[in-house]
Amino acid sequence: MKSGGSKLEQILEQGHFAVTAEIGPPKHADPQGVIHHAHMLHDYVDATNITDCQTAVVRLSSIASGVHILGAGVEPIVQMTCRDRNRIAMQADLLGAYSLGMRNVLCLSGDHQKFGNHPTAKNVYDVDSMQLIHLVRRMRDEKLFFSGEEMKGAEPRFFVGAVANPFADPFEWRVDRLEKKVNAGAEFIQTQCIYDMERFERFMEMVRARGLDQRVHILAGVTPLKSWKAAKYLQTGVSGMIVPDAIVERLKAAEDAKAEGVNICIEQIRYIKEHVPGVHGVHIMAIAWEEVVPDIVGRAGLYPRPKL
Amino acid sequence: MIVAEQKPLAEIADMIKDCKKVLFAGCGGCVTVCLSGGEKETEVMATALRMKRQLEGNPLETVTYTATRQCDPEYVEAMADAVKGVDAVVSLACGVGPQYLAARYPDLWVIPAQNTAFAGGSKEHGVWEEFCGLCGQCVLHLTGGICPVIRCSKSIMNGPCGGSQYGKCEISKDVDCAWHLIYERLKRLGRLDLMREYREPKDWSKARDGGPRRITREDVMIG
Amino acid sequence: MDFEPKIVAFCCHYCAYSAADLAGSMRLQYPPNIRIVEMPCSGTIDHRVLLKALEDGADGVFVAGCMEGDCHFLKGNYRAKRRVNHVKEILKEIGLEPERLAMYNLSAAMGPRFAEIAHEMTARIKELGPSPFRKRGGGDEK
């Protein structure tokens, strides 16, 4: 194992089909909700992401939330965006997160602050996600700060993750970008949530053709939809997301849209597990609906989780 | 050119409300080209504010002068007569002009008429867009001639991010994704290898982050 | 309001001025308040000229060009329209009624239309009253 004890890394290296989920911290200073969700997910996931001011909305920080969920016995995946911190703050946070027991970090660009509740904030983006991946790996493998200076003491040994979006454009470049991230040092990948299965399968074909599935662990992102309106919103209002009309229609026609949304999610997971080689796990993003994850994991045949 | 947009007339009127005589100083440089602070715009502004003050029963005497530029001391020196006896000068130059005026005429009350916005060019007559990030370390040769610092909303060096869709940036359907443009161009040139190369973090100390910058040419300094 | 408006009409040579000429030949009656200034094209109108006319005391100003799509110089009348609209915005910002300024389009054959415009503009300005910039004591302004 290359990281300093990441459970997620062990599960993946042992060849299990991993399950990760996502917790969205609150817009206030009370951690009870985070702890409650962690308890709920405890037996159903191998690790869980904590988002980092998702859509640029101020929330309890990812690292602080990580401390709370560690306390509840769940392994955190710290999300770190490039939007809010310069490289000095990033490294300080990485050292801090590791010292607090966190072992997984997901490196991403981060939604532009225009989408959030502080659109007048300064736009940092000192380093981009590709550089962050590379430099976090280098911190671990070569004990170097981003500047190249040697670290004299304990280096943070993270299991390094990144994201891939098969639904953004240019499509043919998305696999090149994934390869570039793998070359930069990414060890696990979580994809944007999948609704257009056909496009995802084409993406995975290209991934396998380059042998990327042998070099990195790809977890397919899925999100249960609550209503046809939610589906419509994702379809039209979120950049980089594709939702086929068939899904919108299916939810509209359903008597119980929420139940149908969960069914669709479970079908997707089963389909991917059985028919899309090269995928090593699933990442269930049920933001503001974390309660539904145990049901999804159970009915998708992914319970119980392997014990280490 | 540097592209600036005039502040609303009401805002400028408010800034000179206690003045009786004002010099409106235009600039023959960038702001003439982007049609916001040249000779014509200066006259229009002076006339409009004169008329406004007359309607308010508080007449304003105006003087106009359009400098060749307001960013060279020699041209600002030539304004010495024009600034005599005025209560304030409203400079229609970009942000540099008012600063030069304030420095050369320290007893003069200087007002900026522009919200200076960016370094860019015109797309069509009447439309200007930002093109250069003024980063101090140009990488246009690596990106097919498209600036990733300023035309990418996240200044990504290894793009595009996951928010690029249909060639547009996630922040708006009216903003092209710079990395999509870079991809198309490098593809056309057969140089996608440039996009596969890992780019190191930028040295922002060469940009504004390192503090106010200075460039010299010893060979032309008269000394 | 009992006053005689002074209205300046910037007319393009090819259409508006010809129409005014035709109105004269046809012996059509239209208010004598209109002072016509001939221009090669309505597109040569400048923001400064419009503002100056108003600052110097004109109660009303209009620009008259060819019908849209038929400008002798192709797009001059579109430019004129945009400039007139921009100056109307400026008038709003400085506190003068934007209705004192207008843009009209007509062809050289439309003598009666010219007369109609003259009536319409004069009536509107009478309604608005004399310009606050009108100089005291009457007399001819430049």
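**Buried cysteines and chain contacts in a predicted model**

Me: Why is A:Cys82 called buried in this predicted model?

Reply: A:Cys82 has a relative accessibility of 1%, and since the term applies under 20%, A:Cys82 counts as buried.

Me: What makes C:Cys15 buried?

Reply: C:Cys15 has a relative accessible area of 11%, and because the cut-off is 20%, C:Cys15 is classed as buried.

Me: What makes the meeting of A:Glu172 and B:Lys187 a salt bridge?

Reply: Their side chains come to 3.5 Å, N to O, and because the rule asks for a Lys or Arg nitrogen within 4 Å of a carboxyl oxygen of Asp or Glu, the pair qualifies as a salt bridge. Across the interface of chain B and chain A the rule finds two salt bridges, together with 26 residue pairs in polar contact, both residues at pLDDT 80 or more. Helix H6 (178-189) and helix H7 (193-196) of chain B each supply at least two residues of the side that touches chain A, and the largest share, three residues, comes from H6(B).

Me: How do you know that C:Glu55 and B:Arg50 form a salt bridge?

Reply: The N to O distance between their side chains is 2.7 Å, and the limit is 4 Å, so the pair meets the rule for a salt bridge. The interface of chain B and chain C holds three salt bridges by this rule. On the side of chain B that touches chain C, the largest share, ten residues, comes from H3(B), and the residues there divide by class into six nonpolar, two polar and four charged.

Me: How much area do chain B and chain C bury between them?

Reply: They bury about 1300 Å², of which 68% is on carbon and sulfur atoms; B:Lys40, B:Met51 and B:Leu55 supply 47% of the area that chain B buries against chain C, more than any other three residues. Chain B and chain A bury about 2600 Å² between them, with 48% of it on carbon and sulfur atoms.

Me: How do you know that no contact joins chain A and chain C?

Reply: Contact calls for heavy atoms within 4.5 Å, and no contact joins chain A and chain C, whose closest C-alpha atoms lie 28 Å apart. Of the two pairs of chains in contact, chains A and B share the most contacts.

Definitions and conventions: Residues are numbered from 1 along each chain as its sequence is written. Chains are lettered from A and ligands numbered from 1 in the order in which they are written. This is a predicted model: local features need pLDDT of at least 70, side-chain atom pairs count only at pLDDT 80 or more; totals for chains, interfaces and linings use all residues. Side-chain values use heavy atoms; hydrogens and water are left out. Buried area is the accessible area (1.4 Å probe) that two parts lose on being put together, summed over both. Helices (H or I, at least four residues) and strands (E, at least two) are DSSP runs, numbered from the N terminus. Ala, Val, Leu, Ile, Met, Phe, Trp, Tyr, Cys and Pro count as nonpolar, Asp, Glu, Lys and Arg as charged, and the others, Gly among them, as polar. Buried means under 20% relative accessible area, exposed over 50%, partly exposed in between (1.4 Å probe, protein chains only). A polar contact is a pair of N or O atoms within 3.5 Å; within protein, one must be able to donate a hydrogen and the other to accept it, and residues adjacent in sequence count only if both atoms are side-chain atoms.
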